[in-house]
Amino acid sequence: MNRTCPATGWPLERALFAMTGTFTLLSAALAAAVSPWFLLLTAFVGVNRWLFVAAGACPVSLVLTRVGGLRSAVKEVVR
């Protein structure tokens, strides 16, 4: 079973880490240059990261799985 993106070879976790890092840096730059209200974007990214840790999925991971075809690099444990 192919667990990575066919085009890049990146697993879901790596793509999420890259995306959240990009949005965190972008929101920090916008907060410094435009308005401190952009720090709410940083908080939103943090909440989504914790959702992924706690529940195993967040809204972005669901979209990347369905639309982007990304799969987790971690084997799912059968309970």
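Biologist: In which helix does Ala-28 lie, and what counts as a helix?

Modeller: Helices are DSSP runs of H or I with at least four residues, and strands are E runs of at least two, numbered from the N terminus. Ala-28 lies in helix H1, which covers residues 12–33. This is a predicted model, in which local features need pLDDT of at least 70 and side-chain atom pairs count only at pLDDT 80 or more, while totals for chains, interfaces and linings use all residues. Residues are numbered from 1 along each chain as its sequence is written, and side-chain values use heavy atoms, leaving out hydrogens and water.

Biologist: How many helices and strands does the protein have?

Modeller: The protein has three helices and zero strands, so that from the N terminus on the elements run α-α-α. Helix H2 spans residues 39–55, and its 17 residues reach 24 Å from the first C-alpha to the last, close to the 24 Å expected at 1.5 Å a residue (1.5 Å times one less than the number of residues). After H2 comes Gly-56, whose phi is positive, near 85 degrees. Helix H3 takes in residues 59–66.

Biologist: Is Ala-28 buried, exposed or partly exposed?

Modeller: Buried means under 20% relative accessible area, exposed over 50% and partly exposed in between, with a 1.4 Å probe and protein chains only. Ala-28 is partly exposed because its relative accessible area is 40%, and its C-alpha lies 7.2 Å from that of Phe-38, 10 residues apart along the chain. Asn-48, by contrast, is placed in H2 and counts as buried because its relative accessibility is 9%. Of the 79 residues in the protein, 20% are buried.

Biologist: Which residues does Asn-48 touch?

Modeller: Contact means heavy atoms within 4.5 Å. Not counting residues up to four places away in sequence, Asn-48 touches Cys-58 and Pro-59. Of the contacts in the protein with a separation of 6 or more, 59% join residues 24 or more positions apart.

Biologist: Which residues make up the largest nonpolar core?

Modeller: Such a core is a set of buried Ala, Val, Leu, Ile, Met, Phe, Trp, Tyr and Cys residues joined through side-chain atoms within 4.5 Å. The largest one here has six residues, namely Leu-12, Ala-15, Leu-16, Cys-58, Leu-64 and Leu-70, and H1 gives the most to this core, with three residues. Leaving aside neighbours within four places in sequence, Leu-16 is in contact with Phe-52, Cys-58, Val-60, Ser-61 and Leu-64.

Biologist: Which residues form a nonpolar patch on the surface?

Modeller: The patch consists of Met-19, Phe-23, Leu-26 and Val-60, with about 300 Å² of accessible area together. Helix H1 gives the most to this patch, with three residues, and residues three or four places apart point the same way because an α-helix has 3.6 residues a turn. Val-60 is in helix H3 and is partly exposed, with a relative accessible area of 30%. The accessible surface of the whole protein comes to about 5900 Å², of which 71% belongs to carbon and sulfur atoms.

Biologist: Where does Ala-73 lie, and which residues is it in contact with?

Modeller: Ala-73 lies in the segment after H3 and counts as partly exposed because its relative accessibility is 47%. Its neighbours within four places in sequence aside, Ala-73 is in contact with Pro-11 and Glu-13. The C-alpha atoms of Ala-73 and Pro-11 are separated by 5.4 Å, although the two residues are 62 residues apart along the chain.

Terms used:
Patches are made of residues with over 30% relative accessible area and no salt bridge: like charges are joined within 9 Å, nonpolar side chains (Val, Leu, Ile, Met, Phe, Trp, Tyr) within 5 Å. Accessible areas come from the Shrake-Rupley method with a 1.4 Å probe; for residues, only the protein chains shown count as cover. A salt bridge is a side-chain nitrogen of Lys or Arg within 4 Å of a carboxyl oxygen of Asp or Glu.
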